[in-house]
Amino acid sequence: MSAIVNVVLDFDAVPGEDCTEAFQKAVDSLDFLTGGTVLVPGSKLPYLFSRSVMVDRHNVRFVGEGPEATVLQGVAYTPPLVFGVDRKVLGQPVSDGHWADLFGLLDTHAAPSAGQRWGFRTRVPTGVEGQPFSDATVTFACSPFQFGPRRGAFWSDVRKLTLDFVVRNDAMPWVGRPLFGLADAYNRPSPFYAQTEVSPGIVPPRVLFVFRTADGLIREIRVPFDDEKPVLRCSLQIDLDASTVTAWTDLAQVEPDLAVINDGWGEREVAFAPNWYAPFNMGQLGLLSSGWGGGTYRIPGDKDTPVPLTFGALRLSDVTRYQDLGAGTAQQDEHGPVTDLTFLTDEAGVFCVLPMDEAVHRSADGVPDLHARYVANGLTGYGLFMPIGPRQTFERNRAEKMAVTALAVGGQEGSDYGQAIGLGSVVMFSLADMKVYFGAQGLSAYHLDASYPVDVTDSEFGHQTDCAIYSWFQMGRGDRLKLAYFGRSAFKALRSNPSYRNVFVTGVEDSVSAVRLFECGAAQLDNWSFDFEHAGPSDSYVWASLQDNVGGTQLVIRDCVGVKGGPRTAAVRLDSSDRGAGLGDSSRGAGWCKIERSFNTYLAPGMQAVVAVDGPVWRGLFEGVPKPYPPLVVNTATPGASARIGTDTVPPARSAPPLLAAGADDPVLRLDGLIGYYRADVSSVKADPNRALGDGTPVVQLLDLSPAHNDGTAVGNPAVYEASAINSLPALRFTGGWYTFPTMRGTTGAATVFLVGKRLPVFDTGPALIDSLHTYGSGWILGERLQVLSAESDTEWAVYAVRSTGGPRRLLQSFVNGHPYELRRFDSLRPLAWDAPELGRRDQGLEIFKGLLATAVVCDAALDDRTLSDICRHLLYVHQIPV
């Protein structure tokens, strides 16, 4: 095997001038496999970059003469260096046709002649015989599209939002397709996304705008449009202070459908949920920047390839722009009638716009560089076209002995947006002896494929407005680092396995968590010093959620020290409520946290705790001598119970404390509207009279303990009795049959149901009736339009509850172990239908419950929050279910 010889390449780049083309030419001249070394001489002036240099070669090494001498500086909201984003798919460059001439799509005010405005097309032929279509999405990382306007707290402080866009369907007719937006790892809007909603059963066709607010509610706005026209022009204006929504399509005002905008709208202040990590994508919605992949990476109903669309305009404003003149009137702003040019204009209140004035840009070799231009506050930034298809992973790229800085705004150092260094799909990537300053993120990852390992040593990061280092799907390793004056976090990782040691962190006033670990598998933090001069982080020094679907989370914290913190700050916060409400299941392992010689000296006594845990799926050990204050461990679950972090052994999981004193009457029997109460014990089940009640005995009848006496009769295979199924208490195991309750009726139009089971038991107030309340997959549905999800476990017992209101405010809300899970509102529903309810079967046998049930409670009333919480707590205690 021949030796690989590195080529030291000198090049003609003039410091103080735009060096993008010179650097890209140097990279492109290297051999694709063997690569080489790009030697960057020191200079008194920085090397300037108006675009990103795309490093899509193996074994490319950038070497400077030290971070004080060699400085690479971006002059746009885009990183000077991007490693591991392939400009070619299957060896062919992305087609130039992705940059579409908008002449004929936009009106003549915006595109008076051909070749002046260029939009973004998601699907075009490659131009190469025998090759498939070239599919791509456009992703805007660390941009105002992703993080919202400056000083907008990552969307949570935005009170007014005006969204304008023009998009053409290149393959009519319109169908239900994603347009653009942000969706997190659980397919929730983060905070919003838009799609078309077109099907034979939906009249008229609508643009569906889905957004999530800080109270956890997912809200929906529907805007009608004419699906016979290939070009969709739409403006949507939301005022959270006034609780108003106005909309326009085809430059005329239309009436938006606010039926599912949900509870609290117009009744209390709401705010957009902050976006922690979701990328803003055009042409697809989901966690992946490229739109590639299926399953959990994309919103429900999404397809594997982008719909053929051409985006001709997109603009976001944090003001209300247009006059509310009533449905049918022409769209107008303060300047007069609106045209397509309006949607391309950067003016007061606009915080991000696609000007569509830049055609495809090619390297010296004629390869498109994938850049998609936007303007934010008068300054240029770039997103990237992300080709969809088999993706090349690039090996052994390296940068060392340089400083890399993001945009300097108005003569001031720093930037609210952009990356300093971007990573795509890389293997054996490393940074050493680097200084990385400014931008929203320093070393930042696009959501592409796994990268392993990513090594960062002897380097300094500073003045990033979001986080110094962001890791996506990486095996990351770091040693001897300084992370200074960051934004929300110093280090942030999603679905990664980070191992970082010897890190000095200097924080800022508005930090939330110094380390934020979303669904990471194995994470090790060794010898971190958190030096906060003032208040300290508002939430935690280290925050971690559980890994989803595989393995579990193993978090080890050694020799870490922090000082400052307020009454809501924990040194370590272990969160399991982001998915599953703290409920374990067979697809997700439990979380383990070991804290060794950490946070037991100098910690502010007024802090919430050393460790805050929200449920039994986290457990672990604390080694060292804890101080009396703050408390070692607190539990933040609802209702509070076990906190399973111990000093010698892991404390056993335990249930909620009792609601009532011993000997008190059963509180279920005092519930308003109680029309059904069933417990799997001798007093409430009836077996075959010819057999004794014992394990395996078929239970042919459920006796109602409520005054209503709505007994249930088995249909098909009766459930069988198990004497000690749940903490020495009995339960019924369903084996394919169900129970019907022919005399049970509701009259109020409301309902509250409690079910204690292993898996969510199937229940239906009116089988075969369209307006019944019934379980639907992992959740509940009422009528045709109102649906909520529920956490569910196939391995753990849980108290499931659902509440449906009657009257003018029609709310549907799910609860798990007393934790409010999801709430929706749709006031136009018909009354709740009751007709011989069934337990264990839904939709004429299409869904049969095969699990365990211990207790069922049915009320013909919408119980208030306090009562519902108390009954959940009571049922948890009676069945000794840990929370």
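E596 is buried, its relative accessible area being 10%, where buried means under 20% relative accessible area, exposed means over 50% and partly exposed lies in between (1.4 Å probe, protein chains only). Its side chain meets that of R558 in a salt bridge, with 3.5 Å from N to O, a salt bridge being a side-chain nitrogen of Lys or Arg within 4 Å of a carboxyl oxygen of Asp or Glu. This is a predicted model, in which local features need pLDDT of at least 70 and side-chain atom pairs count only at pLDDT 80 or more, whereas totals for chains, interfaces and linings use all residues. Residues are numbered from 1 along each chain as its sequence is written, and side-chain values use heavy atoms, with hydrogens and water left out.

**Salt bridges**

- D559 counts as partly exposed at 32% relative accessibility, and R597 counts as partly exposed at 44%.
- R206 forms a salt bridge with E197, in which the closest N and O atoms are 3.4 Å apart, and both R206 and E197 are buried.
- A network of salt bridges links D215, R219, D263, E267, R268, R809, R825 and D827, and the count for the model comes to 61 salt bridges.
- As a general point, side chains of opposite charge can pair when their charged atoms come close.

**The parallel sheet and strand β41**

- An open sheet is formed by 11 strands in the order β4-β7-β31-β33-β35-β37-β39-β41-β43-β45-β47, with parallel pairing; two strands pair if DSSP finds at least two bridges between them.
- The edges of this sheet are taken by β4 (53-55) and β47 (633-635), each of which has a single partner strand, so one side of each is left without a neighbour in the sheet.
- From one strand to the next the twist averages 15°, where axes are lines fitted to C-alpha atoms, for helices over the stretch in contact, and angles run from 0 to 180 degrees between N-to-C directions.
- Strand β41 (residues 540-545) has 6 of its 6 residues buried, so it is largely enclosed by the rest of the structure.
- Strand β39 (residues 513-518) pairs with β41 in the parallel sense over 4 bridges; V515 has V542 of β41 as its bridge partner, and L517 stands opposite A544 in β41.
- β41 and β43 run parallel and are joined by 5 bridges, with D575 in β43 as the bridge partner of S545.

**The surroundings of R321**

- R321 is placed in the loop between β23 (309-317) and β24 (332-333), and it counts as buried at 12% relative accessibility.
- The side chain of R321 makes a polar contact with the side chain of E347 at 3.3 Å, a polar contact being a pair of N or O atoms within 3.5 Å; within protein, one must be able to donate a hydrogen and the other to accept it, and residues adjacent in sequence count only if both atoms are side-chain atoms.
- A polar atom of the R321 side chain also lies 3.0 Å from the backbone oxygen of A348.
- Leaving aside its neighbours within four places in sequence, R321 is in contact (heavy atoms within 4.5 Å) with T162, D164, Q237, R315, D333, E334, E347, A348, G349 and V350.

- G74 is found in strand β6 (residues 71-74) and counts as buried at 0% relative accessibility.
- Apart from neighbours within four places in sequence, G74 is in contact with F49, P80, T405, A406, L407 and A408.
- The C-alpha atoms of G74 and D18 are separated by 9.2 Å, although these residues are 56 residues apart along the chain.
- Helix α1 (residues 20-28) has 7 of its 9 residues buried, so it is largely enclosed by the rest of the structure; the buried residues are T20, A22, F23, Q24, A26, V27 and D28.

Key: Helices (H or I, at least four residues) and strands (E, at least two) are DSSP runs, numbered from the N terminus.
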